[in-house]
Amino acid sequence: MTGERTAVGDVLLAVGARSVKEAVRWAVAVKAVAVLVRDAEDKTAFAGEGESLAVLVVDPAVSWSELAAVVYGLVLEGRETESGRGPTDLFAVADSLADAVGGAVTVEDQLGRVLAYSRGQRHADPARSATILNRQEAEPLRELFEKRGVLAHLEGHDEPLFVAAAPEHGLTGRMVAAVRVGRELLGAVWVACPAPLNGTRLTALADGARTVALHVLRSRASADLERQVESDWVNRLLDGRTDAAEAAALVARLGLPQAPLRVVAVHTRIATQPHAGLLLAFEAVTTGFGWSRPGRSALAANTVYTVLPAQDAAQARQWVHGLRSVLPQQASVLAGISAVAGVAELPTARREAEECLALHEAGPHDIAPPAYDEAWDEIVLRRLYTAARSGRIPARGPVAELRNHDAVHGTPYVATLRAWLDAQGDLARAAERLSVHENTMRYRLRKMAEVTPLGLDDARARLAAMIELAAGDLSAFDKP
């Protein structure tokens with residue numbers, strides 16, 4: 001705002017404002033819905049200005065020109081997504097930069113994942129091709145960069161750096177420049193070249209890295225907005241906060257079929273970075289749109305939930321395998337898969353996925369993620385065991401008495417009862433399970449009846465004994 005001139009718009013950049021209160025007055029005057037102010041010690045309250053207004057405080061290390069470029073792209077140009085749509089395609093930027101510097105260009109994020117690359121192959125080496133094909137730097141190559149101090153240089157310096165050839169890694173030489181906005185490292189621009197760039201080409205790389213930073217920041221801001229909306233819609237579906245008509249409408253807006261659907265619950269952990277695994281998983285499952293991403297996901301507490309079109313559990317397991325493949329090698333991925341569900345059944349499917357996730361965490365981690373329609377019996381037993389733990393566990397009765405007798409006298413009576421019940425009273429099958437003679441089974445059953453009344457001729461008593469034995473078998477799952 002200068003003199004008599006007033007600009008009206010959605011977002012106001014408070015360039016030159018001497019206080020937060022002054023910035024807010026400007027924003028209210030032009031009917032803006034948001035105002036960006038520089039971070040300062042000004043703690044002035046501005047309640048009661050008479051308008052609804054969002055105040056965003058930005059890092060002073062980020063220039064007004066960078067902020068203006070991002071806001072312009074989001075508000076005026078329309079949102080740019082990771083599909084590359086819109087007037088600011090990162091692949092087009094890579095092509096232009098490759099022409100300016102005379103070498104093939106790759107743009108990567110701070111974890112070495114490929115964001116874009118140029119069409120040209122001038123001076124391209126096998127390492128670049130492998131990185132593009134795998135969509136991420138190979139671990140040995142990243143370890144080489146760390147050992148040579150390349151990653152440390154990117155963290156603290158903006159000047160381009162030459163990385164000498166390493167034939168054993170398929171590397172013939174590169175220049176790299178940090179992609180940074182303010183103090184935050186967003187990634188790097190790599191240029192394939194056998195010798196260091198100089199003169200106008202070096203200047204073009206430095207300037208190009210700053211341009212790439214704006215595009216990456218704008219793309220990330222747009223993607224974050226999309227993720228927030230998607231996560232909210234998915235959470236509403238899974239929490240049961242919608243009626244049938246609204247749920248069907250949300251599913252349609254998410255681009256999902258009405259059925260068959262499955263819910264996948266995922267826990268991801270990296271030992272040295274407690275929260276990084278979860279955030280990386282959520283970013284991975286929400287990258288892309290439309291045909292490139294079959295599911296729609298939400299982040300809630302410490303779990304990523306994905307609603308996935310899948311008739312067979314194998315399809316959902318393949319999706320989990322794909323997620324694991326794009327995460328760092330040190331990340332652990334545990335998952336649970338619901339049974340097939342329609343739109344109205346999604347809240348129930350969420351609980352099924354959570355129970356299967358708990359089953360995966362309790363058992364061996366190297367097995368395939370359990371699916372509810374295949375592991376429902378184990379889930380039911382876990383529920384019974386949980387119910388038993390929350391109430392009073394029987395201290396008497398046939399199973400408890402036999403267990404106590406075994407503990408004191410070293411008898412195998414509980415195992416014998418379990419084998420007899422599993423064999424549905426067939427002495428031959430039960431004896432075979434225990435590798436003993438049928439007469440031994442008869443003898444044990446007589447001795448067991450002397451210890452406690454078994455009541456095995458009563459169907460309800462047999463069922464109760466089977467439940468108590470099964471719930472007791474799950475005690476190992478309850479251990480930390």
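Two strands count as paired if DSSP finds at least two bridges between them. Strands (E, at least two residues) and helices (H or I, at least four) are DSSP runs, numbered from the N terminus.

Before starting, I note that this is a predicted model, in which local features need pLDDT of at least 70, side-chain atom pairs count only at pLDDT 80 or more, and totals for chains, interfaces and linings use all residues. Residues are numbered from 1 along each chain as its sequence is written, and side-chain values use heavy atoms, with hydrogens and water left out.

**Entry 1: the parallel sheet**

I looked up the open sheet of three strands and found the order β1-β2-β3, with parallel pairing. β1 (11–13) and β3 (54–58) are the edge strands; each has a single partner strand, so one side of each has no neighbour in the sheet. The twist from one strand to the next averages 25°. For angles, axes are lines fitted to C-alpha atoms (for helices over the stretch in contact), and values run from 0 to 180 degrees between N-to-C directions. Strand β2 (residues 34–38) is paired with β3 in the parallel sense through five bridges. I checked Val35 and found Val55 in β3 opposite.

**Entry 2: the antiparallel sheet**

I then took the open sheet of five strands, which is ordered β5-β4-β8-β7-β6 with antiparallel pairing. Its edges are β5 (114–117) and β6 (161–163), each with a single partner strand, so one side of each is left without a neighbour in the sheet. Here the twist averages 25° from one strand to the next. Strand β4 (residues 105–109) and β5 run antiparallel and are joined by three bridges. I traced Glu108 to its bridge partner in β5, Val114.

Helix α4 (residues 126–134) lies across β4, β5 and β7 (174–181) and runs at about 120° to β5.

**Entry 3: a hairpin**

I found that β10 and β11 form a hairpin with two residues between them, and that Ala301 in the turn has a positive phi of about 55°. β10 and strand β11 (residues 303–309) run antiparallel, joined by five bridges. Leu299 stands opposite Val304 in β11. Strand β10 (residues 296–300) has four of its five residues buried, so the rest of the structure largely encloses it. Buried means under 20% relative accessible area, exposed over 50%, and partly exposed in between (1.4 Å probe, protein chains only).

**Entry 4: α9 against α10**

I looked at helix α9 (residues 276–285) and helix α10 (residues 313–326), whose axes come within 10 Å and cross at roughly 120°. That makes α9 oblique to α10; angles under 35 degrees count as roughly parallel, over 145 as roughly antiparallel, 65 to 115 as roughly perpendicular, and the rest as oblique. Ala281, Ala284 and Val285 in α9 meet Trp319, Leu323 and Val326 in α10.

**Entry 5: Leu469**

I picked Leu469, which lies in helix α17 (residues 459–473). Its relative accessibility is 3%, so Leu469 counts as buried. Leaving aside neighbours within four places in sequence, I list the contacts of Leu469 as Val399, Arg403, Val414, Leu417, Arg418 and Leu421. The C-alpha atoms of Leu469 and Val399 are separated by 7.3 Å, with the two residues 70 apart along the chain.

Conventions. Contact means heavy atoms within 4.5 Å.
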